[in-house]
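Dear colleague,

I am handing over the structure below, and after it you will find notes on what turned up in it. Please read them alongside the coordinates.

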Amino acid sequence: MKFEKHIPSEKLRPYIKYYVVSENDFEKEYKVFPSTNLVIGFQYKGQLFNVKDNLEIKLSSSGITGISDSYKTFKNSTNIGTILIYFTEIGFAHFSTNPVNELFNLSISLDDIFNKSKVNEIEEKLTLASTDKQRIKITELFLISQLIDIQSDKLIIEAVKLIYQSQGTIRIKELNEKLCISQSPFEKRFRKTVGISPKKFTSIIRFNSVLDHLNKNKSLIEICYDNNFFDQAHFIKDFKQFTGDTPENFKRFL
């Protein structure tokens, strides 16, 4: 199995966190937990399926997955190879005029967003490429061709920064006060740029903080209150939504 990260070129760095080249010789079913990154995937060999209610739904060889507030289950075929593009929180807004929040909780074909012939062209080039370096270059050229020259929303960038600094524990009211903006226009701008409401975004940041704490020698009660949960019932409820499991069971398999 291969899972290698690659840093984007300087021009794309404000919008792309990193690329991943992933390969697996064996069929595997796995969960993907919520994160703050919208992701594009190109399968240059093999197939990928979304598993829901014991049904396997074949995904397009080029697809895009929006931010989600619950886990997703995927299954790959044998001998699969994928290029994954992980966008920054404000990144995808610079490649499409569609509001990013329309992709919330969705995994759809890339040609629903971009020109079908352009998508077919990059698919063909990636299939013919023989090295990871070539595949990354092909991917970057495609992204640069789709880049839209718009100003980044500096207020939303600052909001994302403040949420990360608090590890997802900051209240939206406090964010509004710090940024000198009322709740309704702030939420509208945040959803349009990031793809999810600020409240859901903070909950995902907090969830990932909890995952980090689970790897440390801390009790579940400590983790609960360190991450500003009101009580253990809320902690367990949120954790089950994000993972499909209780914190206690999840921790056993770490």
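Helices (H or I, at least four residues) and strands (E, at least two) are DSSP runs, numbered from the N terminus, while axes are lines fitted to C-alpha atoms, for helices over the stretch in contact, with angles running from 0 to 180 degrees between N-to-C directions. This is a predicted model, in which local features need pLDDT of at least 70 and side-chain atom pairs count only at pLDDT 80 or more, whereas totals for chains, interfaces and linings use all residues. Residues are numbered from 1 along each chain as its sequence is written, and side-chain values use heavy atoms, with hydrogens and water left out.

On the helices: helix 4 (residues 172-179) packs against helix 5 (residues 183-194) at an angle of about 95 degrees, with the axes 10 Å apart. That makes helix 4 roughly perpendicular to helix 5 (angles of 65 to 115 degrees count as such, those under 35 as roughly parallel, those over 145 as roughly antiparallel and the rest as oblique). Ile172, Leu175, Asn176 and Leu179 of helix 4 meet Gln183, Phe186 and Glu187 of helix 5, where contact means heavy atoms within 4.5 Å.

The axes of helix 6 (residues 198-214) and helix 8 (residues 232-243) come within 11 Å and cross at roughly 95 degrees, so helix 6 is likewise roughly perpendicular to helix 8. In this contact, Ser203, Ile204, Arg206, Phe207, Val210, Leu211 and Leu214 from helix 6 meet Phe235, Asp238, Phe239, Phe242 and Thr243 from helix 8.

On the strands: four of them form an open sheet in the order 3-8-5-6, with antiparallel pairing, two strands being counted as paired if DSSP finds at least two bridges between them. Strand 3 (28-32) and strand 6 (55-58) stand at the edges with a single partner strand each, so one side of each has no neighbour in the sheet. From one strand to the next, the twist averages 35 degrees. Strand 5 (residues 48-52) pairs with strand 8 (residues 72-76) in the antiparallel sense over four bridges, and Leu48 stands opposite Asn76 in strand 8.

Strand 5 also holds Phe49, which is buried, with a relative accessible area of 17% (buried means under 20%, exposed over 50% and partly exposed in between, with a 1.4 Å probe and protein chains only). Leaving aside neighbours within four places in sequence, Phe49 is in contact with Glu56, Ile57, Lys58, Leu59, Thr73, Phe74 and Lys75.
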